[in-house]
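Here are some notes to read alongside the model.

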Amino acid sequence: MLSPQDNELLCRVQGDAPMGQIMRRQWLPAALSEELAESDGTPRRVRLLGEDLVLFRDSLGRLGALDEHCPHRRASLVYGRNEDCGLRCLFHGWKFDVEGNVVDMASEPTGSSLREKVKHKSYPTHEAAGFVWIYMGPPNQQPRFQAPPWAPTAQTRVSIVKMHIRCNWAQVLEGAIDSSHSSSLHSTDIAPAQVAGAQANDKQWLRPSTDKAPRMRAQVHKWGFRYAAIRTPIFNPETHDYVRITVYIAPFTVLIPPNNMYKLSQAIIPIDDHNTMFHFIAWHETAGIDQEAWRRYCVARPGIDLDANWLPIRSHDNHYLQDRRAMKEGSFTGMDGIPTQDMAMWESMGAIADRSQERLGISDLAVAQFRKQMVAAAKAVRAGQPAIGTAGLELGQARVSSFEGIVPKTTDWRTLGYEPAPGEDAADHARSPDAQP
């Protein structure tokens with residue numbers, strides 16, 4: 001359970017909310033590069049942390065992120081003309097460059113000094129790993145952009161599913177770090193099989209275990225935590241364990257256990273208090289899966305499964321197109337696509353779940369740790385302390401990864417998917433205490 005007061009701290013991101021202030025001190029993925037591929041192309045409306053923005057790529061290929069509403073009469077710049085290195089409002093012809101400078105005021109007389117007195121709100125941008133990123137925090141606290149952990153090099157192959165989820169960000173994040181639900185909710189798509197490790201084909205992911213009640217272990221770090229879901233494998237159950245390790249990098253990144261074809265991550269970005277942009281990322285340094293195949297597998301193809309605003313056609317209003325006949329014939333959920341199955345659960349909790357009414361179990365260790373750590377982080381920011389994820393934690397993030405595999409029972413899970421820093425004793429890391437339920 002979580003008190004209503006702490007639930008507010010965890011969930012609210014708009015205005016001066018502490019959790020929103022944590023988010024503002026990170027580089028946030030605001031749009032896909034494919035949405036802004038063309039110089040002088042169509043501007044894109046983006047809503048982040050309750051703010052309405054417009055993103056555009058100018059004639060020179062530079063990216064701009066501006067307040068959506070013109071400072072003159074507050075008309076939307078989304079409808080503006082993107083031309084000659086600036087975005088021009090249709091209403092009176094005021095034109096802005098990517099930094100928010102007014103470069104023309106068509107409605108003002110020659111010689112007017114108004115142009116020098118107006119500066120439109122803008123945010124810094126960076127393009128990497130298939131995304132346009134923006135920084136929305138205090139300029140004097142802007143961090144150096146770093147490659148996300150799911151795209152460690154410029155050559156990493158990245159495929160991205162993007163979906164607008166109609167609920168608060170914390171519900172989506174908790175789903176990403178909840179390993180036990182995959183054995184039930186996704187049991188048709190992630191099926192037990194006699195395989196040596198997680199395997200993927202174009203219809204299913206296969207898993208070498210029938211165990212639906214994993215033993216949970218978590219290890220806390222300053223930047224987030226790692227946790228292991230330890231299951232009994234189909235082969236050699238007396239001597240071996242099947243271990244799946246998930247990594248949470250605060251505040252919005254999750255590294256999910258891989259399969260034999262690609263690695264998996266999620267970036268969960270608050271649109272506002274009641275909406276979230278969900279990014280499901282398949283990546284690999286050399287191999288992987290192409291974007292079209294990944295979106296087809298996830299049943300998340302733009303223009304087919306999603307509308308122009310990334311809203312799924314499967315929704316609460318149409319019961320996510322659940323097929324009860326398919327359930328009788330073997331489908332556990334009757335819903336197509338792993339993200340759709342998750343979305344139905346997240347959204348069914350309401351826009352903001354009432355966590356005071358929950359009854360958590362042992363399998364909810366990672367969920368409980370997320371709440372504990374992020375509520376504490378919100379209270380720290382409210383008290384004037386640095387935001388989690390901003391205090392020189394890059395080295396820690398770079399040395400961890402998700403993991404899945406069958407290992408001898410004598411293996412310490414904390415040593416898996418962890419590369420010691422130069423000069424660090426790996427044994428010391430392994431001896432660090434686990435989080436408590």
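1. Let's begin with a crossing: helices H4 and H8 cross in a right-handed way (right-handed means that the near helix is turned clockwise from the far one by less than a right angle, left-handed anticlockwise). On the H4 side the contact is made by Trp-169, Ala-170, Leu-173 and Glu-174, and on the H8 side by Val-367, Phe-370 and Arg-371 (contact means heavy atoms within 4.5 Å). By class these are 5 nonpolar, no polar and 2 charged residues; Ala, Val, Leu, Ile, Met, Phe, Trp, Tyr, Cys and Pro count as nonpolar, Asp, Glu, Lys and Arg as charged, and the others, Gly among them, as polar.

2. A word on the basis of these notes. The model is predicted, with local features needing pLDDT of at least 70 and side-chain atom pairs counting only at pLDDT 80 or more, while totals for chains, interfaces and linings use all residues. Residues are numbered from 1 along each chain as its sequence is written, and side-chain values use heavy atoms, leaving out hydrogens and water. Helices (H or I, at least four residues) and strands (E, at least two) are DSSP runs numbered from the N terminus.

3. Now the geometry of that pair. H4 (residues 169-176) packs against H8 (residues 365-382) at an angle of about 140 degrees, and their axes are 9 Å apart. Axes are lines fitted to C-alpha atoms, for helices over the stretch in contact, with angles from 0 to 180 degrees between N-to-C directions. The two helices are therefore oblique to each other; under 35 degrees counts as roughly parallel, over 145 as roughly antiparallel, 65 to 115 as roughly perpendicular and the rest as oblique.

4. H8 has another partner to look at. Helix H1 (residues 4-11) crosses H8 at roughly 80 degrees, their axes coming within 9 Å, which means that H1 is roughly perpendicular to H8. Here Asp-6, Leu-9 and Leu-10 of H1 meet H8 residues including Phe-370, Met-374 and Arg-382.

5. Which residues have the most contacts inside the largest nonpolar core? They are Trp-169, Trp-205, Tyr-248, Trp-294, Phe-370 and Met-374, in a core of 97 residues. A nonpolar core is a set of buried Ala, Val, Leu, Ile, Met, Phe, Trp, Tyr and Cys residues joined through side-chain atoms within 4.5 Å; buried means under 20% relative accessible area, exposed over 50%, partly exposed in between (1.4 Å probe, protein chains only). H8 gives the most to this core, with 8 residues. Apart from it lies another core, of 14 residues, with Val-54, Leu-77, Cys-89 and Trp-94 among them.

6. Do look at H7 (residues 338-348) too: 9 of its 11 residues are buried, so this helix is largely enclosed by the rest of the structure. Its buried residues include Asp-342, Trp-346 and Glu-347. Among the elements covering them are strand S12 (157-165), H4 and helix H5 (291-297). Just after H7, Gly-350 has a positive phi of about 105 degrees.

7. Finally, two loop residues. Thr-333, between helix H6 (324-328) and H7, counts as buried at 8% relative accessibility. Setting aside residues up to four places away in sequence, Thr-333 touches Leu-185, Gln-322, Met-327 and Gln-341. Val-299 sits in the loop between H5 and H6 and is buried at 15% relative accessibility. Its C-alpha is 6.7 Å from that of Asp-336, although 37 residues separate Val-299 and Asp-336 in sequence.
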